[in-house]
Amino acid sequence: MAEYLLSLKEKIGITVEAEAIRPDGFAGKKRVQIEALPVWQGPRKLALSEFFDVEVRDGASSGPAETAIIIEGDLSRVKRIGQGMKEGKIEISGSAGMHLGEEMNGGDILVKGDAGSWAGMEMKGGSIHILGNADDHVGSAYRGSWRGMTGGEIRIEGSARSALGAGLVGGRIIVAGDVQNFCGIRQSGGAIIIRGSAVRGVGAEMNGGTIAVCGSIRQFSPGFVFAARDNDPVIGEERLEGSYSRFTGDYSLGKNVKGTLYCREG
Amino acid sequence: MAAINTAIIKNGHIFDPLNGINGDVKDIFIRKGKVVASLSGAEARDALVIDASGKTVMPGGVDSHSHVAGAKVNAGRLMRPEDHYKSVRAKTDICHSGSGYTVPSVYKQGYDYAAMGYTTVFEAAMPPLEARHTHEEMRSTPILDMGAYLVLGNNWFVMRYLKDGDIEKAAAYVAWMMRTHKAYGIKCVNPAGVENWGWAKNIHGLDEPNIHFEVTPRELIRGLAEVNEMLGLPMSLHLHANNLGHPGNWQVCRDSLMIPSGLDPRNKSELVWGETREAAKRKQSVYLAHAQFNAYGGTGWRDFCSGAADLARYINQVDDVVIDSGSVPFGPATTMTGDGPAQHDIYMLTGQKWSNTDVELECGSGIVPFVYLKGSAVHSVQWAIGLEVLLLIDDPWKTIMTTDHPNGGIFTQYPLLISWLMSRKARDDTASECHKWAYDRSSLGGVDREMSLYEIAILTRANPARTIGMAWSKGHLGAGADGDVTVYDIDPNGLDVNDSAALRGKFARPDYTIKDGGVVARKGEVVAAPDGRRYYCRPYFDDSVEKEMMSDVKDWFKYYTVGFANYPVPDKFLKNPVAIQVNRPIEAAAPTRRG
């Protein structure tokens with residue numbers, strides 16, 4: 001396993017767009033090559049070394065799958081880390097900025113802090129694990145599109161905000177904490193499990209896939225119809241404990257909708 | 001340093017159908033932006049010389065029906081951010097940045113058309129109230145020469161006059177409207193039907209009166225076609241027929257085309273005409289828009305099939321119809337028309353996001369994003385129909401190749417359409433990737449016709465120019481024509497039409513796009529971005545009738561939300577305007593100069 005260590009030099013002002021930080025782009029490269037990778041700050045194209053100290057550990061060059069990037073510091077103002085990555089690993093000790101792992105195809109990202117909005121937007125495979133909280137639009141579709149994440153897994157140990165899994169087509173998103181509005185809006189496949197509570201708009205206009213909310217939903221979407229009562233339902237590999245009401249919807253979208261919404265009873 | 005806009009294109013194989021030149025090796029001379037028979041020795045020494053030996057030379061491409069400017073196009077841009085974020089073009093020293101795939105920004109549109117060898121593009125639908133916006137966007141479009149057709153098929157004033165049988169006042173009104181909004185031609189969209197859409201209804205038969213105005217599509221088509229010839233506009237009535245997009249609509253379409261039959265096409269514009277061997281003035285009294293969407297058979301989506309062969313049978317018998325194809329090259333599109341109810345139908349079919357606008361006393365419009373898929377039965381038949389309407393109509397001078405951009409597909413797919421028209425094998429290859437309905441529900445599989453480069457030149461420049469009355473300066477390379485030339489890296493000798501990928505690449509990125517004698521694009525890259533011209537017509541009608549008409553207009557103007565003084569498009573909205581005087585009284589007509 002080749003390891004690349006990036007340490008943030010100092011606090012970042014204007015946000016930096018760093019889609020160059022991905023294992024496929026690092027694999028087999030020497031330190032000077034990594035330092036020269038281009039990133040954007042506003043309209044300026046700069047070298048990665050402008051913001052990071054680069055260290056190569058276990059430099060034995062190997063393929064992207066055997067490449068890990070370890071980043072230290074608060075990266076909440078660094079966007080697009082791991083965008084489009086296909087394999088390998090990224091580990092961030094602090095927080096990550098917007099568009100983390102956007103459109104990734106494979107590989108793993110671990111964020112020990114929080115993640116900004118659009119994490120895993122339209123991702124196709126691989127995994128993102130966020131130990132802190134996440135912002136809006138996690139695993140969602142780009143603005144205007146109704147085709148969001150199609151595969152892979154996003155796990156959030158904290159809470160997320162609105163439009164989580166918007167337009168979800170495949171894959172799954174598991175949130176240990178709460179979400180806010182419109183989680184799974186326009187969902188057509190895949191699964192969303194919220195261990196905590198949701199505010200409103202859960203599954204609005206969904207026509208496929210599954211959402212489970214283990215806490216409470218403050219304002220239930222009106223287009224869902226009660227289907228059955230299930231005990232300890234299993235969604236994919238996840239088993240939910242307790243008694244759940246199963247609904248079908250969202251009938252506000254049409255007659256032949258196949259979305260499933262589980263809500264914990266009591 | 002070459003003299004400005006003076007050029008010699010040497011030894012190319014010229015395809016200039018309006019002059020009957022079919023691949024002959026000749027030189028083209030351009031002096032100060034205009035094609036000339038020859039240059040003097042001194043001029044030739046200073047001219048830009050382009051060696052086109054072993055290459056195909058055509059007049060600059062002309063798109064006579066494309067949605068590229070105005071409120072509807074811009075609404076399409078606004079409601080489709082997902083169409084933009086992956087289709088971007090960076091700023092260069094001479095080019096503006098831009099974005100958008102099916103609905104590009106005006107800058108990107110201009111560059112992309114020019115890079116593909118097109119120099120003239122006409123906006124297909126300009127609602128009168130949105131004329132300012134349309135002109136603003138045309139003003140910002142680089143390189144291209146443009147104009148726009150005024151949507152009048154559901155206009156309250158037109159409907160009232162035609163219901164009353166007052167064709168003279170209708171003509172005076174149309175003339176005034178075209179001058180007021182600086183429009184080029186008359187567009188008629190779903191006549192009588194869009195008005196009904198205000199009450200959530202449509203119209204399905206040509207003799208069905210609409211609500212309140214009680215005027216029928218037949219009366220509107222006939223009336224506007226008559227007005228068109230009374231005024232003597234360069235272009236004929238441009239018709240978007242009723243029942244667009246409905247299975248079985250080919251009959252209504254054919255019957256609509258019969259309505260103006262027998263009218264004498266008269267072009268009473270004051271222009272200096274470039275030299276052509278073929279007649280450069282239009283022969284048609286009706287120009288049907290996007291035939292593909294109006295050539296459907298069957299009675300519903302289950303027995304949906306092509307009606308193109310039936311429609312083509314009629315068009316093959318007559319000489320007064322021209323169509324553009326509105327072909328479907330598959331892939332993303334954004335459907336946008338002034339046909340509000342048709343757009344609602346698409347929304348109900350797809351469940352996609354939908355926008356709808358009612359344009360006060362004039363018309364309406366709708367927008368729905370769309371993706372044409374090879375795996376879809378219906379889309380595969382639409383693909384076949386879009387090629388059938390071009391291949392089954394025998395005379396290429398009755399057809400124009402378009403995608404009705406961005407309805408059937410985007411204009412940058414034109415090279416793909418050309419590859420299908422030129423090669424049966426290319427069609428068979430695509431059909432084998434499509435749903436089997438493509439060939440089962442159409443006659444395309446039995447069509448052997450393969451178009452020549454000469455026919456492609458007719459479909460993509462000569463005929464669009466002639467049909468819209470622009471062949472005085474566009475669509476040919478005779479002396480006096482604008483120096484708009486496209487040089488493709490295609491050697492007509494030994495051309496393998498079955499190598500689709502190579503052919504597409506060559507049509508997509510011509511060696512040179514020359515506009516007014518200056519190179520604007522080279523191998524698909526824009527190298528110069530001059531401003532184009534904006535054409536519009538200034539038709540005249542009887543003064544006394546116009547006075548009476550104006551008092552009606554002022555009276556009825558209370559129904560508008562705009563003030564009368566703010567209605568016209570001021571001159572400052574146009575860059576390089578070219579006003580074409582039409583039907584001017586003899587005493588008023590002084591010699592006009594060409595712009």
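A residue counts as buried if 20 or more other C-beta atoms lie within 10 Å of its own, as exposed if 12 or fewer do, and as partly exposed in between, with C-beta atoms placed from the backbone. With that in hand, here are the close-ups. The model is predicted, so local features need pLDDT of at least 70 and side-chain atom pairs count only at pLDDT 80 or more, while totals for chains, interfaces and linings use all residues. Residues are numbered from 1 along each chain as its sequence is written, and chains are lettered from A and ligands numbered from 1 in the order in which they are written.

View 1. B:Pro234 is buried, because 25 other C-beta atoms lie within 10 Å. Look for B:Pro234 in the loop between helix H9 (217–231) and strand S12 (237–240) of chain B; helices (H or I, at least four residues) and strands (E, at least two) are DSSP runs, numbered from the N terminus. Leaving aside residues up to four places away in sequence, B:Pro234 touches B:Asn267, B:Ser269, B:Ile468, B:Gly469, B:Cys537 and B:Ile580. Two residues are in contact if their C-beta atoms, placed from the backbone, lie within 7 Å. B:Pro265 is 31 residues from B:Pro234 along the chain, and their C-alpha atoms are separated by 9.3 Å.

**View 2. A:Gln219 in strand S16 of chain A.** Is A:Gln219 buried or exposed? A:Gln219 is exposed, because 11 other C-beta atoms lie within 10 Å. Strand S16 of chain A covers residues 217–219. Not counting residues up to four places away in sequence, A:Gln219 touches A:Val199 and A:Arg200. From A:Gln219 to A:Asn181 it is 38 residues in sequence and 9.6 Å in space, C-alpha to C-alpha.

**View 3. A mixed open sheet in chain A.** Four strands follow the order S4-S3-S2-S7, with mixed pairing; two strands pair if DSSP finds at least two bridges between them. Strand S4 (44–47) and strand S7 (78–79) each have a single partner strand, so one side of each is left without a neighbour in the sheet. Further in, S2 (residues 16–17) and S3 (residues 38–41) of chain A run antiparallel and are joined by 2 bridges. To find your way, note that A:Val16 stands opposite A:Gln41 in S3(A).

**View 4. An antiparallel open sheet in chain B, with a helix across its strands.** The 3 strands come in the order S17-S19-S18. S17 (331–337) and S18 (355–359) are the edge strands, each pairing on one side only. On average, neighbouring strands of this sheet are turned by 15° against each other, direction ignored. Axes here are lines fitted to C-alpha atoms, for helices over the stretch in contact, and angles run from 0 to 180 degrees between N-to-C directions. S17(B) and S19 (residues 363–372) pair over 7 bridges, and B:Met336 stands opposite B:Ile367 in S19(B). Helix H12 (residues 340–350) of chain B lies across S17, S18 and S19, running at about 30° to S19(B).

**View 5. Where the two chains touch.** Here 6 residues of chain A are in contact with 6 residues of chain B. The chain A side divides into 2 nonpolar, 3 polar and 1 charged. For this grouping, Ala, Val, Leu, Ile, Met, Phe, Trp, Tyr, Cys and Pro count as nonpolar, Asp, Glu, Lys and Arg as charged, and the others, Gly among them, as polar.
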